[in-house]
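This report is for a reader meeting the structure for the first time.

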There are 2 protein chains.
Amino acid sequence: MPPLSFDPDAAARGGALRAQIRASNFNGNTSGAAADLVQANLVILPQADAADFLLYCQRNPRPCPLLAVGSVGDPALPTLGHDIDLRSDLPRYRVWRHGELVAEPTDVRELWRDDLVAFAIGCSFSFEWALGEAGIRLRHQQRGCNVAMYRSNIATAAAGRFAGPLVVSMRPMKAADAIRAVQITSRFPAVHGAPVHLGDPGLIGIANLAAPDYGDAVELMADELPVFWACGVTPQAALAQARPDFCITHAPGSMLVTDLRNPQLAAF
Amino acid sequence: MPPLSFDPDAAARGGALRAQIRASNFNGNTSGAAADLVQANLVILPQADAADFLLYCQRNPRPCPLLAVGSVGDPALPTLGHDIDLRSDLPRYRVWRHGELVAEPTDVRELWRDDLVAFAIGCSFSFEWALGEAGIRLRHQQRGCNVAMYRSNIATAAAGRFAGPLVVSMRPMKAADAIRAVQITSRFPAVHGAPVHLGDPGLIGIANLAAPDYGDAVELMADELPVFWACGVTPQAALAQARPDFCITHAPGSMLVTDLRNPQLAAF
């Protein structure tokens, strides 16, 4: 796919928000802060691990849809924004050594290395934006909490050291909204695409919806189905299992804001 | 929409099958007899009722997707096939007077009138063909029986005397196939489109899946959801309720075979 062109207004908004973040004038959650702009999960790995991780993403496009991969040592992602500096443009990072969380800094300038490779992975905020545009209300947004996420019994396709379960996010919906949500999210393969499951959670190894492995539980009404999407936490679970010597990720809810608009990702 | 052009091979096959039917050399069910060719439900009404029925179809496009409406008194449907004669080109018809079934002839030449208007309504065979192409097996086809159909508690939008419940067809599927089926059938709005419901039948007023109102029951496995589509039997239920003085329809499973190929109906 050729690079998408930037809408000038969107690029101005994305650039302004990143400038605020870079200047440490914005420390909040990027959810809701960027309206229709595409946000991305970030994974930064040494070149020694990058080839396997790239293959892992290629083999698992539903949980790990790659929006961009940086050049070795380069903290820019020019296809996602005109002046992105990944060392400073996220509100908060997580730094991992041998699989252990060692720091949560607001920039990683001091940690940057010439052998680092950045991966920007599509985020559910994009399809949630599309669902909202279509008038579908999401309970976790109404409750002001995080989406509920679960480790399923579906294995991802391994690549080198990277392996692990498919992590899924769950949104309760009435059947008509679930059908509409399949239609809407199918248009967005770059941000997880269609659901991977709906209905009985036990069929994908989830014993108790009230006890999510990540995020917050929300109630399921009698006239609703749980609808499950492949989740961007999947690569984090694979990283936790692979325990690379060094890794930087975004902190939860603290995403890379790009200059692309969500509608630009629609497949049809 | 401008008329679709006919593929020469498809037109030859459609024409040959209709010629066989016209010559009474084919008395069977058209299901499976026409491969990838679009088949249609047929409703023929006097002009006095036709305007209301047209409005009924317009107001209820999911159960009553119009593929073509004939000119008054004309038994041809030139946008659906090059030599269609609706008086003889279906294997079997049903003739209704004041809502009562009075005959099931193999042609209606003697009954044709200058004030009759023909309606060709999209048929589930088209989306079932698309599901089959995608590798989704349908239980009623495996069992060699009719699809199970139910009168739901969803009311159609009335037009004049035409009104009644939405009739739905049900196909049991595993969740992954149900999601795929939403994607596939969404591409075919001219033949009922996406499901209208999935999961709990009680939510649309169906008390017992084992007791369909039309067609045959099939079992629902523990790892399956019932998936419900708007059904072309809906207009027949509205006709039974409206009781027009005179009406001709296709007999069940005895459809109009056209010269169009199902892929030509795909919206994207």
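## A residue in the core

In this predicted model, A120(A) touches A40(A), L42(A), L67(A), A68(A), L77(A), L80(A) and L256(A), leaving aside residues up to four places away in sequence.

A120(A) is also one of the residues with the most contacts inside the largest nonpolar core. In soluble globular proteins, nonpolar side chains tend to be buried together.

## The contact between the chains

Chain A and chain B each bring 16 residues to their contact. On the side of chain A that touches chain B, α5 (175-186) and β8 (197-198) each supply at least two residues. The most comes from α5(A), which gives seven residues to that side.

By type, the residues on the side of chain A that touches chain B are eleven nonpolar, four polar and one charged.

## How the two chains are related

Chain A is superposed on chain B by a rotation of 180° with 0.0 Å of shift along the axis, and the RMSD is 0.0 Å. This is the relation of a two-fold axis. Both copies use the same surface, as 100% of the contact residues of chain A recur in chain B.

Which residue of chain A comes closest to the rotation axis? It is Q183(A), with its C-alpha at 3.1 Å.

How values were computed:
Residues are numbered from 1 along each chain as its sequence is written. Chains are lettered from A and ligands numbered from 1 in the order in which they are written. This is a predicted model: local features need pLDDT of at least 70, side-chain atom pairs count only at pLDDT 80 or more; totals for chains, interfaces and linings use all residues. Two residues are in contact if their C-beta atoms, placed from the backbone, lie within 7 Å. Helices (H or I, at least four residues) and strands (E, at least two) are DSSP runs, numbered from the N terminus. Ala, Val, Leu, Ile, Met, Phe, Trp, Tyr, Cys and Pro count as nonpolar, Asp, Glu, Lys and Arg as charged, and the others, Gly among them, as polar. A nonpolar core is a set of buried Ala, Val, Leu, Ile, Met, Phe, Trp, Tyr and Cys residues joined through C-beta atoms within 7 Å. A residue is buried if 20 or more other C-beta atoms lie within 10 Å of its own, exposed if 12 or fewer, and partly exposed in between; C-beta atoms are placed from the backbone. Copies are superposed by least squares on the C-alpha atoms of residues with pLDDT of at least 70 in both.
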